[in-house]
Amino acid sequence: MEIQTFDQLIARVKSSRRQFRVAVANAGDAHTLEAVLLACREGVVSPILVGDRAEILRICKEQSADFPAEDIVDAAGAPEAAAKAVELVREGKADFLMKGKMDTGVLLKAVVNKETGLGTGNLMSIFLLAQLPNYHKLVAVVDGGMVPYPTLEQKKGIIENTVGALRDLGYESPKVGVLACIEKVNPKMPETVEADALKQMNRAGEIQNCIVEGPVSYDCAMSREIAGLKGFDSPCAGDCDALIAPDIHAGNILTKALHVTGGAATAGFIVGAKCPIVMSSRGSEPEEKFMSIILAAAVVLGRG
């Protein structure tokens with residue numbers, strides 16, 4: 001099942017009539033609380049706000065929001081807020097985690113703590129969905145924020161993380177395009193060699209529950225017409241559900257280009273931990289943070 005728009009995800013989450021518990025680490029941030037409040041008003045989440053109680057209450061008052069006292073957990077500083085938010089997930093009191101006003105590294109330190117964290121032993125990567133003005137469905141663009149220069153094995157892990165999240169959203173066999181600048185293997189271009197290796201892993205059953213194509217250029221991955229003109233024949237041509245960037249720079253540039261100048265709406269979270277971790281950047285608008293909450297809730301819903 002393909003998802004065409006974010007509105008479909010919102011409708012799915014709302015129709016479940018389930019209120020998801022999100023632990024917001026260092027929640028004293030106006031943009032974050034605005035997104036959380038919107039999700040509350042939509043009946044989607046019941047948050048637990050962790051951080052400086054006085055600051056959280058001040059911002060809530062500014063936004064005419066009123067949360068139960070028991071849902072505000074006081075914490076002195078970002079590290080303590082991160083640890084307490086992670087603990088809420090471990091104790092089953094929250095379904096997923098969200099970063100508030102803190103550096104990403106502070107929250108991740110609490111997440112990867114071997115004794116008290118949320119690690120699974122698997123690679124963690126960014127799962128980001130984009131809704132493009134001229135593409136017929138949502139598409140995942142990964143990984144533009146976690147793994148700088150992924151090895152072949154790490155790229156395999158990124159694909160598995162991405163496919164797992166898409167399957168949680170209802171996809172049976174996502175179509176995955178491993179991006180390069182050309183569609184043919186060139187020994188002088190390691191990205192093309194690794195893309196083909198991932199395709200062969202998929203054919204051999206080492207990467208399951210999806211169709212992997214690579215190497216494939218962005219235009220062939222996203223346009224059947226262009227793929228046809230270039231003689232590129234693949235079930236993924238012009239119909240990819242996920243695009244795998246060769247490294248963090250390509251993924252980050254592509255994602256920001258689509259969003260800032262391409263008119264794309266985006267939402268995402270970290271996948272590979274015991275729960276989704278909404279980790280929107282400081283420059284993200286409340287709408288993007290809200291949609292990331294919806295996306296994380298939809299994945300939790302799909303896991304049952």
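Predicted model: local features only at pLDDT ≥ 70, side-chain atom pairs only at ≥ 80, totals over all residues.

In which strand is proline 215 found? I looked it up: proline 215 is in strand S8, residues 211–216. Helices (H or I, at least four residues) and strands (E, at least two) are DSSP runs, numbered from the N terminus.

Residues are numbered from 1 along each chain as its sequence is written, and side-chain values use heavy atoms, with hydrogens and water left out.

Aspartate 143 sits in the loop between strand S6 (139–142) and H6.

**Positive phi**

Arginine 17 isn't a glycine, yet I read a positive phi of about 55° for it. I placed arginine 17 in the loop between helix H1 (6–15) and strand S1 (22–25). Asparagine 26 also has a positive phi, near 60°, and is not glycine either. I found asparagine 26 in the loop between S1 and helix H2 (30–41).

Are these two buried or exposed? Buried means under 20% relative accessible area, exposed over 50%, and partly exposed in between (1.4 Å probe, protein chains only). Arginine 17 counts as exposed because its relative accessibility is 78%. Asparagine 26 is at 15%, so I put it down as buried.

**Lysine 156**

Next I went to helix H6 (residues 152–168), where lysine 156 is found. Lysine 156 comes out as buried because its relative accessible area is 13%. What is lysine 156 in contact with, leaving aside its neighbours within four places in sequence? I listed Leu198, Met201, Glu206 and Ile207; contact means heavy atoms within 4.5 Å.

**Lining of the cavity**

Last, I looked at the largest cavity and wrote down its lining: Lys155, Val178, Leu179, Glu191, Ile244, Ala245 and Pro246. A cavity is a set of points, on a 1 Å grid over the protein atoms alone, where a 1.4 Å probe fits but cannot get out, and lining residues have an atom within 4 Å of a point.

Conventions. 1 Å grid on protein atoms, 1.4 Å probe; cavity = no way out; pocket = protein on both sides within 12 Å on 5 of 7 lines; lining within 4 Å.
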